[in-house]
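Please examine the sequence and the structure shown below. The briefing that follows is arranged by topic.

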Amino acid sequence: MQLVLEKRAERSNTIALVSPLIAIGLTIVTMTILFAILGKNPLLALQAYFIAPLTDGYSLQEIAVKATPLVMIAIGLSLCYLANAWNIGAEGQFLIGAVAGSWIAVKTQGTDAGAWVLPAMLVLAAAAGALYALIPAICKVKFGASEILTSLMLVYVADLLLDYLVRGPWRDPNGFNFPTTAEFDPVATVPLLIEGGRLHLGSIIALLVVAAAAILLGRTIKGFEIRVVGASPRAARFGGFNANQLVILTFAVSGALAGLAGIIEVAGPVGHLQPGISPGYGFTAIIVAFLGRLNPIGILIAGLFLALTFIGGEQAQIAMKIPLDVTKVFQGILLFYVLACDSLILYRFKLVFPNRQVARGAG
């Protein structure tokens, strides 16, 4: 007797809807076992991860702050993935956007520049992220290079560039030799929405991005083109859709959103440029995109959930001495289960009895 995967005659919409919930459930079961192995009370650990952050107003604000870059990046990635273009380097585009936007903040530091500074930072960051994303896109279209490898390698280039700048020409001379720029002027920071908290205007921008993506995919010809090219390239060619142009477009939009998220993070919660501005937002956003079924509303919900794991992980570290890296383990396991459960959308398990098949063939 063998257990094999058999291709379904048609896509299972039921499994498609419940697959993320199954993945989350399996992840929680696995984490329960891991907490027990670490010698921690699983129930208390899960309570610290998923319940405690929801009972405090400040933690709720922090969840929204963490979700902002995740949702913005994941929306851009979803457009790429729907078009069958695999942008894995959003982390690098996030960093390049942060660097480009920070250049204006650094150059206008202490000059009493006007209100134009922040809008210019946002525009430059989005443009830089888009241009950086176009590198792997053009390499794919013109030379057939793998966009997965090229976009991923460019992450390290962006990270090293940021590290060089904050340790060299942009380092704050009054920063006690720490690798950081000077604090941005008020005109170069994202306005707060709640006094005394860290919730900022970037969260509103993220919601607008979700709404725009929902309209694009659900109400426009370009959204239809993205879906057709990704789902059926052959039908797209017959329909006159240009897959190469769509790769360029989706990569550019994805990079722009990642770059915009980068400068919002730097000019918002952080307030200056420094190494380690991202705890891996660009990679975690891949999980958010798939957990949200590449749907804008689903991505918003998934982004809030993954942000909850960031904040819950910090609280679990303080309250129960659970290593913060366990949060990354959680996110990795979640991605594994999401992809594994997604295979059940197109395939189903079936028991095969080889001996019976042989007997029937002999007869």
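Leu294 sits in the loop that joins helix 11 and helix 12, and Arg293 is found in that loop as well. The model is a predicted one, in which local features need pLDDT of at least 70, side-chain atom pairs count only at pLDDT 80 or more, and totals for chains, interfaces and linings use all residues. Residues are numbered from 1 along each chain as its sequence is written, and side-chain values use heavy atoms, with hydrogens and water left out. Helices (H or I, at least four residues) and strands (E, at least two) are DSSP runs, numbered from the N terminus.

- Leu294 has a positive phi of about 60 degrees although it is not a glycine.
- Arg293, which is not a glycine either, also has a positive phi of about 60 degrees.
- Most residues other than glycine have a negative phi.
- Leu294 is buried, at 14% relative accessible area, whereas Arg293 is partly exposed, at 28%.
- Here buried means under 20% relative accessible area, exposed means over 50%, and partly exposed lies in between (1.4 Å probe, protein chains only).

**Packing of helices 3 and 12**

- Helix 3 (residues 57-82) packs against helix 12 (residues 296-320) at an angle of about 135 degrees, and their axes are 7 Å apart.
- Helix 3 is therefore oblique to helix 12; angles under 35 degrees count as roughly parallel, over 145 as roughly antiparallel, 65 to 115 as roughly perpendicular and the rest as oblique.
- The axes are lines fitted to C-alpha atoms, for helices over the stretch in contact, and the angles run from 0 to 180 degrees between N-to-C directions.
- The crossing of helix 3 and helix 12 is right-handed, that is, the near helix is turned clockwise from the far one by less than a right angle.

**Salt bridges**

- The whole structure contains 6 salt bridges, each being a side-chain nitrogen of Lys or Arg within 4 Å of a carboxyl oxygen of Asp or Glu.
- Side chains of opposite charge can pair when their charged atoms come close.
- One of the bridges joins the side chains of Glu6 and Lys350, at 3.2 Å from N to O.
- Glu6 belongs to strand 1 and Lys350 to strand 2, so this pair ties together parts that are 344 residues apart in sequence.
- Both partners are partly exposed, Glu6 at 23% and Lys350 at 38%.
- Asp163 and Arg167 form another bridge, with their closest N and O atoms 2.9 Å apart.
- Because they are 4 residues apart in helix 6, Asp163 and Arg167 are separated by about one helical turn.
- Lys222 pairs with Glu225, the closest N and O atoms being 3.1 Å apart.
- Lys222 is partly exposed, at 34%, while Glu225 is buried, at 10%.

**A nonpolar surface patch**

- Met1, Leu3, Leu5, Leu346, Tyr347, Phe349, Leu351 and Phe353 make a nonpolar surface patch of about 820 Å².
- Strand 1 (2-7) and strand 2 (347-352) each supply at least two of the patch residues, and the largest share, 3 residues, comes from strand 2.
- Patches are made of residues with over 30% relative accessible area and no salt bridge; like charges are joined within 9 Å, and nonpolar side chains (Val, Leu, Ile, Met, Phe, Trp, Tyr) within 5 Å.
- Accessible areas come from the Shrake-Rupley method with a 1.4 Å probe, and for residues only the protein chains shown count as cover.
- Leu5 has its place in strand 1 and is partly exposed, at 46% relative accessible area.
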